[in-house]
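Q: Please take a close look at a single part of this protein and describe its surroundings in one connected account.

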Amino acid sequence: MVADILTVLLCLSSTLSIAAMQQPDVNARTLFEQKCSICHSIERPKSQRKTPEQWKNTVLRMRENGCPITDDEARKIIDYLSNNYAR
């Protein structure tokens, strides 16, 4: 019985760990969609393939042009774009 409970707890812990690892990407995607769609269609950046450095330059340029994103939000968006729309 104790072994069964430990097994269930271990499985639950593993499931929660996997969900926690997946959550940042969902949040980054949502952040990207919310912030980047303020000024243009989301399809515009999704149609491009850039290096991480190019995505960084693009996101920082958008912020300089008035996109309301914090440093932390910019980092998350850059990471998301670099991981999903890389050249």
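Q: Which residues of helix 4 are buried, and which of its residues are linked in a network of salt bridges?

A: This is a predicted model, in which local features need pLDDT of at least 70 and side-chain atom pairs count only at pLDDT 80 or more, whereas totals for chains, interfaces and linings use all residues. Residues are numbered from 1 along each chain as its sequence is written, and side-chain values use heavy atoms, with hydrogens and water left out.

The mean pLDDT of the protein (the predictor's confidence in each residue, from 0 to 100) is 84, and 71% of the residues reach 70 or more. Confidence is lowest in helix 1, with a mean of 67, and highest in helix 3 (residues 52–64), with 97; helices here are DSSP runs of H or I with at least four residues, numbered from the N terminus.

Helix 4 covers residues 71–84. Its 14 residues reach 20 Å from the first C-alpha to the last, close to the 20 Å expected at 1.5 Å a residue, where the expected span is 1.5 Å times one less than the number of residues. The buried residues of helix 4 are Glu73, Ala74, Ile77, Ile78, Tyr80, Leu81 and Ser82; buried means under 20% relative accessible area, exposed means over 50%, and partly exposed lies in between, with a 1.4 Å probe and protein chains only.

The aromatic rings can be followed next. Rings of Phe, Tyr and Trp (its six-membered ring) pair if their centres lie within 6.5 Å, and planes under 30 degrees apart count as stacked, over 60 as edge-to-face and the rest as tilted. A search of the whole structure finds two aromatic pairs. One of them joins phenylalanine 32 and tyrosine 80 in a tilted arrangement, 5.3 Å centre to centre with 35 degrees between the planes. This pair links distant parts of the chain, as phenylalanine 32 lies in helix 1 and tyrosine 80 in helix 4, 48 residues apart. Both partners are buried, phenylalanine 32 with a relative accessible area of 0% and tyrosine 80 with 7%. The rings of tyrosine 80 and tyrosine 85 have their centres 6.1 Å apart and their planes at 65 degrees, so that pair is edge-to-face.

Tyrosine 85 itself belongs to the segment after helix 4 and is buried, with a relative accessible area of 11%. Leaving aside residues up to four places away in sequence, tyrosine 85 touches Lys46, Gln48, Arg49, Lys50, Trp55 and Tyr80, contact meaning heavy atoms within 4.5 Å. The C-alpha atoms of tyrosine 85 and arginine 49 are separated by 5.1 Å, although these residues are 36 apart along the chain.

Arginine 75 and aspartate 72 form one of them, with the closest N and O atoms 2.6 Å apart; both lie in helix 4, three residues apart, about one turn of the helix. Arginine 75 is partly exposed at 43% relative accessibility, and aspartate 72 is likewise partly exposed at 36%. Asp72, Arg75, Lys76 and Asp79 are linked in a network of salt bridges.

Two further salt bridges lie in other helices. Glutamate 43 and lysine 46 have their closest N and O atoms 4.0 Å apart and lie three residues apart in helix 2 (residues 43–46); lysine 46, one of the residues that tyrosine 85 touches, is partly exposed at 25% relative accessibility. In helix 1 (residues 2–36), glutamate 33 and arginine 29 are four residues apart, about one turn of the helix, and their side chains meet at 3.8 Å, N to O. Glutamate 33 is partly exposed, with a relative accessible area of 31%, as is arginine 29 at 36%.

Notes:
Helix = DSSP H or I, 4+ residues; strand = E, 2+ residues; numbered from the N terminus.
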